[in-house]
Amino acid sequence: MNKPERGIQFWRGLTAGAEQLQQYKELLEVYDSRIGSFLEIDPVKGAALIQDRRGSGPLAGVPFGVKDNIAVKNFQLSCGSKILENFISPYTATAVQKLLAAGSIPVGKLNLDEFGMGSSTENSAFHPTANPWDHAYVPGGSSGGSAAAVAAGLVPFALGSDTGGSVRQPAAFCGTYGLKPTYGAVSRFGLTAYASSLECVGILADSVHTTREVFRTIMGADPLDQTSTAAPEGQADTAKSSPCTIGVLKQPEGLDAATEAVYLASIERMKDLGWTIVPIDLSTLEYVVPVYYTIATAEASANLARYTGIRYGVREQGTANHEEMVRLTREHGFGNEVKLRILLGTYVLRSGFQDQYYVRAQKIRTLILREITELFTRVDMMLMPVFPVSGFRLGSKQMTPFQQKMADKFTATANLAGIPSLSFPAGKAGQLPVGMQLMAPVFHEERLFNAAEVLSGGRPIELAPGSLVLPDGYDAKAVR
Amino acid sequence: MDIEELKTTARLAMLELHEDEAAELAAIAELAAIAELAAIAELSAAVSGMLENFSLMQKVDISGLEPTTHALSEQNSGREDVIVSAESSGKTDNSGKAEAYNLNNPENLIERAPEYDNNHIVIPNVL
Amino acid sequence: MAPFQTFIGLEIHIHLLTKTKVFCSCRSAFGDPPNTNVCPVCLGYPGVLPAVNREALKMAYMVGTALNCDLSMHTVFERKNYFYPDMPKNYQISQFSDPVGRGGWFEFETGGKIKRISFHDIHLEEDAGKMIHDGSRTLLDYNRAGTSLLEIVTNPDFSSGEEAEDFLQAFRRLVRYLGVCDGNMEEGSLRCDANISINRQGKGLGTKVEIKNLNSSRFVRKAMAYEYRRQAKTLKLGGAIVQETRLWNEEKQKTQNMRTKEAAHDYRYFPEPDLPPFCPDEGFLMGVAEAVPELPFFRKQRFGRQYGLTAELADFIADEKFRADFFEVCVDEGADPAETAKWLKGEVAKQLARREADLEGSFLSSFRMAELMKLLGSGRIHANIGRQVLELVLDEDMDPVRLIEREEFAGSDDREALGPVVDQVLSNNREAVLQVRDGSQKALGFLMGQVLKTAGQQADPKLVRRILLDACHEESPARKD
């Protein structure tokens, strides 16, 4: 079992100077060739973006990866799509900007399902990513590259995005922590929009400690994102520490045996810690998927309308007129899953259908929000499975795209309600890690961190077999 | 979803859906063949599958419910009317504050267009 | 009575005079080189978000206040979806269900009467970029994309093109008064589309035809008149009006079909998730109320009442807010209202026109104007000198009093200063004095000539005449006694 000491000194050593950054780049290329988590690797370019690497903060000199739908100046921003294959970002996302200011170094862009649409990272237009625990399995998605890179020990943390579970599900599949913050707690500026009212920039990390440090760094209101808000004063201080009251599903339906076993084991573990377990019914849970997909696709249909090959990106050549140019650019630039969601979203907004689908979904969203709000008057947190199955094989025969969507019900609840949720490694199904998630009321991320800290006993995640180790003869003097 | 609706929807979304493909699709849909469909037919089947799932929502009594359009009930207070130009931006703010984004660098931006001429972006004639 | 009733409604777009665009911090300006006022936000780049400009909202609420609208306390932006190359995101951020203002009314003068029309709504939105068609290519300039646009939609309350034209002029005056738009129709800061339907008297609205390309208020009148004739002719011949959009062709003086019916547009409006609703608080609303001045229609009426200005003068003074404010400062400083108004409309306007200048940018401040008017009013200078002083103020940026001292205008004009000259002339020409006393105009003219010859050009002939008459007659009663 490969368990290197991965403290801050280890990571600072990898980024200590030009030579080390170059070595780190080569190491990343070698290790990543096995799993394909990155779409672009360039720690040297990343280091050039920051002014002060020698800062004393907990993230100074610490490298990180960025899902390729989040903008980092001078890096590509492909969103896993052919339509943006050649696009280099002229600006940096607010969350990344804040990490740069803390001295943290972006080392590359990570693979994803095209525009964040998928649960396996197989919808990337470029290549699939393997689960580092078993290369025959998917890493989950859509932030599969981010989860795989952290699980393989290539970076201590990575930014992802979570629209309906896209941070938490790959985190669960790869055995990392995965935080979907409160909606608006982290600026979305620079996150390529898929479903604006649902998505957040999230964090995949190798420990609760790192997750917390990164969250504290990137949170806060941003004038460039008018949906972003500062946490209410004092909210962090009221974070309950152990013991606490946890709501659990009376009858978690549709789980595979391994997942159910881990869910029940997690409840037992909480009981052992002296926490109070309150069985709950979530009557709205069965509507989460249709409501989520109606709203998400509606917003996506507008958000993805800007990709026409006119102002940037790839353009279909040799077309007779502009309309044909736009149609063919989109026909050839988008993958099938993206087209499906655009079509669905266009349809649910059409006059004559809007009331039946989109407006109805928004009203049921109100109902979901009410039920969750009421629930948190009785419990501090809610324990939920992340995904009904513990993993599936690359190739998608095991789980059709439709089944994958239906499986979003546990995660998408948090997105519809805007509440924070933390996915944590909770057990194993054979070789593969299994994750569970805790949900808390809005702006109570600290409550999640405290609980996870207790559950983990303060230990970082177990890295996947074959994770990054420093080669013999690595310039040790840099690793101070 | 029937073929006419699919065609209308695709046209609104500026997605290509050739006439003959649509006709072919109609035939396939009538046969209700699911397996081994062409990409476009697969798309149609997928759309229909999801719409069927969406129809679950009809079961919910929504009377008296207001729609939730934004996740938090935040209000907008607006931004100051202050110009951020190429000159006033581009400075890196070490505090991580948001004022300092180098958003305005017009030449650089226009150069990202697949075709441009004399600082105009060029496309095939629209008329 | 005309056999047909006309229903005209207007859709007016005004460019708000904000420094920056409505959803990003790019400069909002007309006439800059292509694509120089652009950023990732207004070019619709991946990952960027709109951030609404509070000043644009304030201006929108000011217009809503001035138009007596019901102002929204929870106004929502929505996405209006359609593909077009001049619109970077392929949706326009606009408003639909909860616009800034609904309803409302406005009164204006037309045909010697006061007419009241009502509004459907006013809403804030972003403008599109510009397309230049160049052979087989189209060139795109996004400087205008994302600039703030306020759309004002009237109900079909106008019954003729003249009314629409008069309204448009009054509306233009209003938005200039509010300082929210420069009202320039040629540059497109104020754009207008019209819809017109005609029907037999008492039958209600007919089939609506939309008219675009109305780049001046005159075009609105002419296009409406043309459309009335065209539609009336069709109806008289038993034909039916086709619902369509037509363009006004100024060269041919006629409207022409642009497209028939809407090509099945389905805008799929839905609330813009990137922008939370705007709920104006008390502070914002107070700021709006404070920023809305007395409106031109009412100010003009007050000028007539309070200062006794003629309708023509009141109209001229109240036409521009700067001019009206300028006028009232002069009056506060002690200038005579009627004289000041006359001078502003006459000599000042003439001199400014000669210099192709406007009052606002000139060296003539309201204080200088008041000083000049007081000098004239006290008789210290006469109109000729007043005109010369005005020119010097405009050219040299100096106060009237200082100019008079410098040019030694005042000394000769002064009754006292003229005294010794008059005395001298009278004692040298006793014969003429007696003739003047007997009523001889010729003798008076002779004496005036003598005085003016000695006193020089600056002497006011009217003043000299009065002094001479006084002097001649002053001597007579003494003798008679």
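**Entry 1: domains of chain C**

I looked up the distance between domain 2 of chain C and domain 3 of chain C, and their C-alpha centres lie 33 Å apart. Chain C is divided into domain 1 (4-284), domain 2 (294-411) and domain 3 (414-480); the bounds come from an automatic or database domain assignment.

I note that this is a predicted model, in which local features need pLDDT of at least 70 and side-chain atom pairs count only at pLDDT 80 or more, while totals for chains, interfaces and linings use all residues. Residues are numbered from 1 along each chain as its sequence is written, chains are lettered from A and ligands numbered from 1 in the order in which they are written, and side-chain values use heavy atoms, with hydrogens and water left out.

**Entry 2: chain C against chain A**

I looked up the contact (heavy atoms within 4.5 Å) and found 31 residues of chain C touching 39 residues of chain A. The two chains bury about 2,700 Å² between them, and 60% of this is on carbon and sulfur atoms. Buried area is the accessible area (1.4 Å probe) that two parts lose on being put together, summed over both. Of the area that chain C buries against chain A, 22% is supplied by Pro46(C), Leu49(C) and Arg268(C), more than by any other three residues.

I then searched for salt bridges (a side-chain nitrogen of Lys or Arg within 4 Å of a carboxyl oxygen of Asp or Glu). The rule finds one across this interface; Asp274(C) and Arg188(A) meet in a salt bridge at 3.0 Å, N to O.

**Entry 3: chain A against chain B**

I turned to chain A and chain B, where the contact takes 75 residues from chain A and 58 residues from chain B. The buried area is about 6,200 Å², and carbon and sulfur atoms give 66% of it. Arg327(A), Leu343(A) and Arg360(A) supply 11% of the area that chain A buries against chain B, more than any other three residues.

The rule finds three salt bridges across this interface. I recorded that of Glu115(B) with Arg315(A), whose closest N and O atoms are 3.7 Å apart.

I also sorted the residues of the side of chain A that touches chain B: 37 are nonpolar, 20 polar and 18 charged. Here Ala, Val, Leu, Ile, Met, Phe, Trp, Tyr, Cys and Pro count as nonpolar, Asp, Glu, Lys and Arg as charged, and the others, Gly among them, as polar.
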